[in-house]
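Me: I'd like to go through this model with you before I set anything up. Could you show me the sequence and the structure?

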Amino acid sequence: MLKKVEHIGIAVKDLKASNLLFEALLGVPHYKTEAVASEGVTTSFFDVGTHKIELLEATQPNSPIAKFIAKKGEGVHHIAFEVENLEVELARLKAEGFELIHETPKEGADNKRIAFLHPKTTNGVLIELCQERSNKD
Ligand code: ZN
């Protein structure tokens, strides 16, 4: 099962400007900025109580975030759920008929292993599953 909403991902054009905007909005500074080269994005995280906000800026014109903004503009990009065991959940969701973008977990930002479900099987919502990386990984 999915444990809780871990974070909400928001696609932005200009991370610096959006960091200032979200700092003003939330009243807290972002606590980290991290590049994920494999996804062609730079991310920025805000801690808002029990949930986080992840801002995502494209670093390459062909990255998924650049394509998303070109198609839909800035805005909510994905909802990320925390899971206990990513492999178990991916197998369960595949068996339930959900289409997986990632059949196996990949490295994500913020010390997480992640995988995405295709929005065409989730009412148009891009869903990320994430599991905290343990020290032995
Ligand atoms: Zn995310």
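Reply: What follows is a set of questions and answers on this structure.

Me: Before that, what kind of model is this, and how are residues numbered?

Reply: This is a predicted model, in which local features need pLDDT of at least 70 and side-chain atom pairs count only at pLDDT 80 or more, while totals for chains, interfaces and linings use all residues. Residues are numbered from 1 along each chain as its sequence is written, and side-chain values use heavy atoms, with hydrogens and water left out.

Me: Which residues coordinate the zinc ion?

Reply: His7 and His78, each through NE2, and Glu54 and Glu128, each through OE, coordinate the zinc ion at 2.1 Å. Donors here are N, O and S atoms within 2.8 Å of the metal (3.2 Å for Na, K and Ca), and since water is not among the atoms, sites may look incomplete.

Me: And what is the geometry of the site?

Reply: The site is irregular, with angles of 83 to 168 degrees among the 4 donor atoms. By the criteria used, four donors count as tetrahedral if all angles lie between 85 and 135 degrees; four count as square planar and six as octahedral if opposite donors are over 155 degrees apart and all others between 65 and 115, and anything else is irregular.

Me: How are the donor residues spaced in sequence?

Reply: The spacing is H-x46-E-x23-H-x49-E. His7 in strand E1 (residues 2–12) and Glu128 in strand E8 (residues 127–132) are 121 residues apart, so this pair links distant parts of the chain; helices (H or I, at least four residues) and strands (E, at least two) are DSSP runs, numbered from the N terminus.

Me: Are those two buried or exposed?

Reply: Both His7 and Glu128 are buried, where buried means under 20% relative accessible area, exposed over 50%, and partly exposed in between (1.4 Å probe, protein chains only).

Me: Switching to the fold, in what order do the strands sit in the sheet?

Reply: The open sheet has 8 strands in the order E2-E3-E4-E1-E5-E8-E7-E6, with mixed pairing, and two strands pair if DSSP finds at least two bridges between them. The edge strands, each pairing on one side only, are E2 (32–36) and E6 (106–107).

Me: Which way do E1 and E4 run, parallel or antiparallel?

Reply: E1 and E4 run parallel and are joined by 6 bridges, and in this pairing His7 stands opposite Lys52 in E4. By contrast, E3 and E4 run antiparallel with 8 bridges, and they form a hairpin with 2 residues between them, where Gly49 in the turn has a positive phi of about 65 degrees. Strand E7 (residues 112–117) also pairs with E8 in the antiparallel sense, over 6 bridges, with Leu117 opposite Ile127 in E8.

Me: Where does helix H1 lie?

Reply: Helix H1 (residues 15–26) lies across E1, E2, E3 (41–48) and E4 (51–58), and runs at about 5 degrees to E3. The axes behind that angle are lines fitted to C-alpha atoms, for helices over the stretch in contact (heavy atoms within 4.5 Å), and angles run from 0 to 180 degrees between N-to-C directions.

Me: How many salt bridges does a search of the whole structure find?

Reply: The search finds 15, a salt bridge being a side-chain nitrogen of Lys or Arg within 4 Å of a carboxyl oxygen of Asp or Glu. One of them joins Lys3 and Glu84, whose closest N and O atoms are 3.9 Å apart. Lys3 lies in E1 and Glu84 in the loop between E5 (75–83) and helix H3 (86–95), so the pair ties together parts that are 81 residues apart in sequence.

Me: What about Glu39 and Lys106?

Reply: Their side chains meet in a salt bridge at 2.4 Å, N to O, and the pair links the loop between E2 and E3 to strand E6, 67 residues apart. Lys106 is buried, with a relative accessible area of 18%.

Me: Which residues do salt bridges with shared partners join into one network?

Reply: Asp110 and Lys112 meet at 3.7 Å, N to O, and salt bridges that share partners join Glu6, Lys32, Glu34, Lys52, Asp110, Lys112 and Glu132 into one network. Asp110 is buried at 6% relative accessible area, and Lys112 is buried at 3%.
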